[in-house]
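Subject: Structure for your review

Dear colleague,

Please find below the sequence and structure that I am handing over to you. A summary of what was found follows.

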Amino acid sequence: MLFIFAVLLLLLSLWAIFYFQLSRSAGAIALMVMSVVCAFISPWSLILGIPLILISLVVMIDPLRMSFISKPAYKALANAMPSISPTEREALDSGTSWWEKELFMGAPNWETFNSYPYPKLSLEEQAFLDNEVETLCSMLDEWEIHEQKALPDHVWQYIKEHGFLGLIIPKEYGGRAFSSFAQSRVMSKIASRSLTTAVSCMVPNSLGPGELLLHYGTEEQKDRYLPGLARGEEIPCFGLTSPEAGSDAGAIPDTGVVCYGQFEGQEVLGLRMNFSKRWITLAPIATVVGLAFKMYDPDHLLGEQTEYGITCALLP
């Protein structure tokens, strides 16, 4: 009877260590202490206690833990997991979790949340919200837009002339260089009047060539496209969604193969594309498409790498 009680006490201790998420050292020490206590209650409990003590020592002592747990586990997982593409590596390295980590763990620290500074609009951003955005909202009639299945020409002209499509583009290219908070406020205000208009302004400032060019484009590409995008002379759209895979970028079947081919009478190095897209916002009026696809170089014309993962091509 004492043996059963001692074993149950050990199991209860093990459960409590995991439930209360004790640190590695605190949990190991607590488990060893309970193993010794249970040995006094019933020596037969050492059948379970001794292995637990040995495991605790391995967990506590770094060289032992590395040799017996970490390295074998790493080798097993390294062979089982697929390799990480450069695109996935960039996503993993792009940042860490914010306060939402505490929220999803069920233990939010509200004082930490309240200590975060509340974002503020600059004077230029506030003036744009109070003037240009208000004027645009007064021009909108969502029922008229629904009946025509398009924004009226005078609305589009106003949007282009006043830089609604270039909120994220730096000023040296003719954009407004607004903060993310300002963009959110602008789109929220427009959406309160017309969701169709808000989405039409939102796509060039989020999805599509504009932001991709800012982060990954060459200087020649930026000089070619960003001024036109800022002025509304270029209308962008983002070709991601596939009939087979939806908007799951990792599952799209669209491909581009690096090869030599004839273009304007010359042999050039380029891409042989094979893609099918649908549900691309602004596509009917777009002048440039940011096309998402998976790039391959089977003949190693660019280097030793064969698969380059998901990338984006600019298609006029």
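Among the elements of the protein, which has the lowest mean pLDDT, and which has the highest? The lowest mean, 76, belongs to helix 5 (residues 86-92), while the highest, 96, belongs to helix 8 (residues 123-139). Please bear in mind that this is a predicted model. Across the protein the average pLDDT is 88, and 100% of the residues score at least 70.

I turn next to the packing of helices. Two packed helices are described by the angle between their axes and by the distance between those axes.

Consider helix 2 (residues 24-41) and helix 3 (residues 46-60), whose axes come within 9 Å and cross at roughly 160°. An angle over 145 degrees counts as roughly antiparallel, and helix 2 and helix 3 are therefore roughly antiparallel to each other. The crossing of helix 2 with helix 3 is left-handed. On the side of helix 2, the residues that meet helix 3 include Ala 28, Ile 29, Leu 31 and Met 32; on the side of helix 3, their counterparts include Leu 52, Ile 53, Ser 56 and Leu 57. The residues of this contact between helix 2 and helix 3 comprise 11 nonpolar, four polar and one charged.

Helix 3 also packs with helix 1 (residues 2-19), at an angle of about 25° and with the axes 10 Å apart. Because angles under 35 degrees count as roughly parallel, helix 1 is roughly parallel to helix 3. Val 7, Leu 10 and Leu 11 of helix 1 make this contact with Leu 48, Gly 49 and Leu 52 of helix 3. By class, five of these residues are nonpolar, one is polar and none is charged.

- Ala 249 lies in the loop between strand 1 (236-239) and strand 2 (255-263). With a relative accessibility of 26%, Ala 249 counts as partly exposed. Leaving aside residues up to four places away in sequence, Ala 249 touches Leu 240, Lys 294 and Ile 310. Ala 249 and Phe 293 are 44 residues apart in sequence, and their C-alpha atoms are 8.3 Å apart in space.
- Trp 279 is located in the loop between strand 3 (266-274) and strand 4 (288-296). Its phi is near 55°, a positive value in a residue other than glycine. At 69% relative accessibility, Trp 279 counts as exposed.
- His 300 is found in the loop between strand 4 and strand 5 (307-315). His 300 has a positive phi of about 55°, although it is not a glycine. With a relative accessible area of 37%, His 300 is partly exposed.

Yours sincerely

Note on methods
Residues are numbered from 1 along each chain as its sequence is written. This is a predicted model: local features need pLDDT of at least 70, side-chain atom pairs count only at pLDDT 80 or more; totals for chains, interfaces and linings use all residues. Side-chain values use heavy atoms; hydrogens and water are left out. pLDDT is the predictor's confidence in each residue, from 0 to 100. Helices (H or I, at least four residues) and strands (E, at least two) are DSSP runs, numbered from the N terminus. Axes are lines fitted to C-alpha atoms, for helices over the stretch in contact, and angles run from 0 to 180 degrees between N-to-C directions. Angles under 35 degrees count as roughly parallel, over 145 as roughly antiparallel, 65 to 115 as roughly perpendicular and the rest as oblique. A crossing is left-handed if the near helix is turned anticlockwise from the far one by less than a right angle, and right-handed if clockwise. Contact means heavy atoms within 4.5 Å. Ala, Val, Leu, Ile, Met, Phe, Trp, Tyr, Cys and Pro count as nonpolar, Asp, Glu, Lys and Arg as charged, and the others, Gly among them, as polar. Buried means under 20% relative accessible area, exposed over 50%, partly exposed in between (1.4 Å probe, protein chains only).
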